[in-house]
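Me: I'd like to learn how to read a structure like this one. Could you walk me through a few features?

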Amino acid sequence: MAYSHQNDSFFIESDEPNYSRINARCAAKMIARQRQDIIASELSRLAGEEYLEDILQHMANMEEETLADANLIDLQREVQWFMRPYLIDFIIEAHAAFSLLPETLFLTVNLLDRYCSRRVVYKHHYQLVGCAALLIAAKYGDKKDRVPQIAELNNMCCGLYDSGMFTQMEMHVLNTLEWAIGHPTVDFFTQLMAAEERDDTEVEHMAAYLCEIALYHRDFVSTKPSMMARASLALSRAILGRPEVSDGEWAHTENVTLLTLSQHLSQPSPTLARKYATPELSRVSQQLADFMAEQAALARRAADPPSPPVEITAKPSNIYSTPQKGHGAAPCYQGYLTPPITPEGVSFGHGGQAQKQVYTSLPPRCPVTPTPHHNQGAMYPAQTQQGYAGQHRIQY
């Protein structure tokens, strides 16, 4: 600071003489910083191009090593596949409530499936394993201030578990997986492929929506993330009317993945559809619903031609069109005020009762998920306990 002598008694501060000097110094620093950023970006680009092949090879090895085995999950005695959509709905809502990164969601489901393929899980611990997987995935790759608190997760579970059970299960999942948490998620490959093919944001949002639909189904538990990314992008371009991309030859398993994914688009989860109905995500759930309705109308006209027959110019067949289970639109989902109750009965899970009788005759083949030693009645309130909006106590 410079001071101008105003009189004999005091000084008055004045910045005017130094304006030009301070601005010049700041401008020089800004220019130097910009040059450093440009040089760093160029070096990163050159290094990325040089090591890209090695990076992709490393990712390919990782996705092989960290895939879950759906056949081993089939051997679970209590956890059945019809329970999976209820837990995935809960995880998706918790993931959105804490504003976690997209890769955290896919890593959570990967950790859940890998644990269930190695340990026997009781059905009343199924939601607890999902919460532990969400905690681990959030701590692994998300921002620290967004990691869920145990008390918050316990409230979302309607107080079904003690706080100590979350910590105990979290440690048990880590020890079971031998602390191998890293997994190249499907969104990593989706962003890489979309950037290479220069797909627009709408295609990326649709691909993300299709990949999350796949989380609900057993058919994709053991599918490689890179294969799922390629199939979801190709299907997204077809749904949105984008031109096809020549991205090389397709293997038989990739074609099967694409066709299988196309068969699971008619009735997506209402929870997931509501998530992707926002303008920020290009309202792709509504676009998919319109596309499936159009495909259903084409299938009905092809199956029931008018009489007398009239010469109709047929539109080019769409390889992605799939048979529809129903002619009506899915009922509008308005949310529930109490936690969803898992249906009981042999109509779910493709003969689950008969399958359970077979399992009961088999000895345990792998370690059992730790069960708390204190009073079970205090931990698990009666099924008649009422929840509140935003809580999800999954009951089976």
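Reply: Happy to! Keep in mind that this is a predicted model. Let's start with R230, which is found in helix 10.

Me: Is R230 buried or exposed, and why?

Reply: The call rests on relative accessible area, and buried means under 20%. R230 has 11%, so R230 is buried.

Me: Which residue can I compare with R230 along the chain, and how far apart are their C-alpha atoms?

Reply: Take A194: 36 residues separate R230 and A194 along the chain, and their C-alpha atoms are 9.2 Å apart.

Me: What lines the largest cavity?

Reply: Its lining has 20 residues, and F106, L215, F220, V221 and T223 lie nearest the centre. Helix 4 (102–116), helix 9 (201–214) and helix 10 (225–240) each give two or more residues to this lining. Helix 4 gives the most, with four. By class, the lining has twelve nonpolar, five polar and three charged residues.

Me: And on the surface, which residues form a nonpolar patch?

Reply: I39, L43 and L46 do, with about 290 Å² of accessible area together. L46 is found in helix 1 (residues 19–65). Its relative accessibility is 40%, so L46 counts as partly exposed.

How values were computed:
Residues numbered from 1 in each chain as written. Predicted model: local features only at pLDDT ≥ 70, side-chain atom pairs only at ≥ 80, totals over all residues. Heavy atoms only, no water. Patch = residues over 30% accessible without salt bridge, like charges linked within 9 Å, V, L, I, M, F, W, Y side chains within 5 Å. Areas by Shrake-Rupley, 256 points an atom, 1.4 Å probe, with all protein chains shown as cover. Salt bridge = Lys/Arg side-chain N within 4 Å of Asp/Glu carboxyl O. Buried < 20%, exposed > 50% of the residue type's maximum accessible area, 1.4 Å probe, protein only. 1 Å grid on protein atoms, 1.4 Å probe; cavity = no way out; pocket = protein on both sides within 12 Å on 5 of 7 lines; lining within 4 Å. Nonpolar A, V, L, I, M, F, W, Y, C, P; charged D, E, K, R; others polar.
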